[in-house]
Amino acid sequence: MAEPERTERRLRPAPLLFEPSAAATDPEHFFDLESIEDPRELLARATELTLAFRAAQERAVEFQALAAAQLADPRRFDRLSPALIAEQAEWTEDYARKMIEFGESLQRDEGPEAT
């Protein structure tokens, strides 16, 4: 299964500012969005956060795939089976195989930094 060619430019996500611990314990508090009264400003900041979380999720998945491929590499004396990788990552075995394949394709393309 070939991965789609990545020609789009990587989005630069908005900075994710860490919340103070007191604010993080408040279930109604989320990156200070609840304090923004202007709907245009709220939409803009919420959109920035959405894009940042999407970009972070995509990057994390790429690194998961790289790690899975490295763990499954037959040249490793301590390699793991797809079943063990799936168990560790809380995936199905089929998904682990797909992530291993994706990770191998990323390795051939020099990893996520090259995309």
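Modeller: The chain has 4 helices and 0 strands, where helices (H or I, at least four residues) and strands (E, at least two) are DSSP runs numbered from the N terminus. Read along the sequence, that gives the pattern α-α-α-α. Keep in mind that this is a predicted model, in which local features need pLDDT of at least 70 and side-chain atom pairs count only at pLDDT 80 or more, while totals for chains, interfaces and linings use all residues. Residues are numbered from 1 along each chain as its sequence is written, and side-chain values use heavy atoms, with hydrogens and water left out.

A bit of background before zooming in. Of the 115 residues in the chain, 25% count as buried; buried means under 20% relative accessible area, exposed over 50%, and partly exposed in between (1.4 Å probe, protein chains only). The chain exposes about 8800 Å², with carbon and sulfur atoms supplying 55% of it; such areas come from the Shrake-Rupley method with a 1.4 Å probe, and for residues only the protein chains shown count as cover.

Now to helix 4, residues 93-108. Its 16 residues should span 22 Å at 1.5 Å a residue, and the end C-alpha atoms are 23 Å apart, which agrees. The expected span here is 1.5 Å times one less than the number of residues. For context, most residues other than glycine have a negative phi.

Which residues of helix 4 are buried? They are Ala-96, Met-99, Ile-100, Phe-102, Gly-103, Ser-105 and Leu-106. An α-helix has 3.6 residues a turn, so residues three or four places apart point the same way. The buried residues of helix 4 pack against helix 2 (39-72) and helix 3 (82-89), so let's take those partners in turn.

Start with helix 2. Helix 2 and helix 4 pack at about 95°, their axes 7 Å apart; axes are lines fitted to C-alpha atoms, for helices over the stretch in contact, and angles run from 0 to 180 degrees between N-to-C directions. That makes the two helices roughly perpendicular, on a scale where under 35 degrees is roughly parallel, over 145 roughly antiparallel, 65 to 115 roughly perpendicular and the rest oblique.

On the helix 2 side, Val-61, Glu-62, Gln-64, Ala-65, Leu-66, Ala-68, Ala-69, Gln-70 and Ala-72 meet Met-99, Ile-100, Phe-102, Gly-103, Glu-104, Leu-106 and Gln-107 of helix 4. Contact means heavy atoms within 4.5 Å. The residues of this contact split into 10 nonpolar, 4 polar and 2 charged, with Ala, Val, Leu, Ile, Met, Phe, Trp, Tyr, Cys and Pro counted as nonpolar, Asp, Glu, Lys and Arg as charged, and the others, Gly among them, as polar.

Leu-66 sits in helix 2 and is buried, with a relative accessible area of 11%. Leu-66 and Glu-104 are 38 residues apart in sequence, yet 6.9 Å apart in space, C-alpha to C-alpha. Across the chain, residues 24 or more positions apart account for 54% of the contacts with a separation of 6 or more. The buried residues of helix 2 include Glu-62, Ala-65, Leu-66, Ala-68, Ala-69 and Ala-72, and its buried residues pack against helix 3 as well as helix 4.

On to helix 3. The axes of helix 3 and helix 4 come within 8 Å and cross at roughly 100°, so this pair too is roughly perpendicular. Pro-82, Ala-83, Ile-85 and Ala-86 of helix 3 make the contact with Glu-93, Ala-96, Arg-97 and Ile-100 of helix 4. Those residues divide into 6 nonpolar, no polar and 2 charged.

One last stop is the loop between helix 3 and helix 4, where you'll find Glu-90. Its phi is near 60°, a positive value in a residue other than glycine. Is Glu-90 buried or exposed? Glu-90 is exposed, with a relative accessible area of 75%.
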